[in-house]
Amino acid sequence: MTDVEKLTRLFAALGASDPRGWAESEVGENLPQLARYRLLRALSQDIQAWDTASIDSLLDDGDDSNHHAERAGTDAEGARAVDHAADTERVARAVARETTFSVLYRLADPDSDDLPADLRQQVPGWVLMETAPAGEPTHRVLGALYEDLDTPGPPAQASRSRTVAEGWIRETNLRPFCESLATEVAYDFDDSDWLAIDTALPDTDDEQPRSAWYTYPLVGRDRVDLQIARSVGGSEVSVSVRGTVDGRVRDRVELLLDLMARYNLMAGYDLMNDGSGHRRR
């Protein structure tokens, strides 16, 4: 039996939708896909385990009769009770999913926090590593687990780059770029977002390691992290956009970068706004 055949059987036993594809990815790309899938499967089960009984156990104040009487009074009709329970489960699972996503994201990138560069260079980070069945480390890192939290897909998704697009833009185009990028992920970018970015930008230097660049998360329908740093002595800003998006969004972000590098958009931007960033009506 070949390695691919053995891995295919193991992925199938775990319930993978494309067991051979995952197996071929592990062998062909030397990625710890089986370990990744096993952990993601367990996390998915933990998220799905949040039902009304689990929620009741957290909310129970020790007086079961009062607690259930309150629920019965609130949901007098059976149909309303069912809807209420379903909505509660959806909210609980959504919160569990977002919390798990954030933990996996931090696990994948220790430098995604807001520590100053000089302090970051003095403190340890972390890494999640695969082990053999007997417990010995294989030294293969389980990277970007957050990308596959929602029902693991084919290996092409599991191994795709975290970088959506990168390049440089004119510094005068930075706010229009931020607003356009936010639109692509359905994030409501406002003056407070811009203030945070505009305040941090002067202290950046694109000749420093990428981990020292300023990172700002945009979390809407998708999540992307905008990393920026000034070109000291120049009028450009180096940009890296990282996250998990589909091909259409990736292409549009690449086009945005190209436009913001080629043209000065501020003249047209000022015509559409009142000078403070507020769009004219």
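1. Is Ala 23 buried or exposed? Ala 23 is buried, because its relative accessible area is 0%, where buried means under 20% relative accessible area, exposed over 50% and partly exposed in between, with a 1.4 Å probe and protein chains only. The model is predicted, so that local features need pLDDT of at least 70 and side-chain atom pairs count only at pLDDT 80 or more, while totals for chains, interfaces and linings use all residues. Residues are numbered from 1 along each chain as its sequence is written, and side-chain values use heavy atoms, with hydrogens and water left out.

2. Ala 23 belongs to helix 2, which spans residues 19-29; helices here are DSSP runs of H or I with at least four residues, strands are runs of E with at least two, and both are numbered from the N terminus. Leaving aside neighbours within four places in sequence, Ala 23 is in contact with Val 4, Leu 7, Thr 8 and Phe 11, contact meaning heavy atoms within 4.5 Å. Between Ala 23 and Arg 9 there are 8.9 Å in space, C-alpha to C-alpha, and the two are 14 residues apart in sequence. The buried residues of helix 2 are Pro 19, Gly 21, Trp 22, Ala 23, Ser 25 and Glu 26, and the helix is followed by Asn 30, which has a positive phi near 55 degrees.

3. An open sheet is formed by four strands in the order 3-6-5-4, with antiparallel pairing; two strands pair if DSSP finds at least two bridges between them. Its edge strands are strand 3 and strand 4 (214-219), each of which pairs on one side only. On average, neighbouring strands of this sheet are turned by 20 degrees against each other, direction ignored.

4. Strand 6 (residues 236-243) is mostly covered, with seven of its eight residues buried. Seven bridges join strand 6 to strand 3 (residues 163-170) in an antiparallel arrangement, and here Ile 169 has Val 237 as its bridge partner. Strand 5 (residues 223-230) also pairs with strand 6 in the antiparallel sense, over seven bridges; Val 224 stands opposite Gly 243, and Ile 228 stands opposite Val 239. Strand 5 and strand 6 form a hairpin with five residues between them, and in the turn Gly 233 has a positive phi of about 85 degrees.

5. Helix 11 (residues 247-262) lies across strand 3 and strand 6, and runs at about 15 degrees to strand 3; axes are lines fitted to C-alpha atoms, for helices over the stretch in contact, and angles run from 0 to 180 degrees between N-to-C directions.

6. Helix 9 (residues 174-184) packs with helix 10 (residues 191-200) at an angle of about 130 degrees, their axes being 11 Å apart. That angle makes helix 9 oblique to helix 10, since angles under 35 degrees count as roughly parallel, over 145 as roughly antiparallel, 65 to 115 as roughly perpendicular and the rest as oblique. In this packing, Leu 174, Arg 175 and Cys 178 of helix 9 meet Asp 191, Trp 194 and Ile 197 of helix 10. By class, the contact of helix 9 with helix 10 has four nonpolar, no polar and two charged residues, where Ala, Val, Leu, Ile, Met, Phe, Trp, Tyr, Cys and Pro count as nonpolar, Asp, Glu, Lys and Arg as charged, and the others, Gly among them, as polar.
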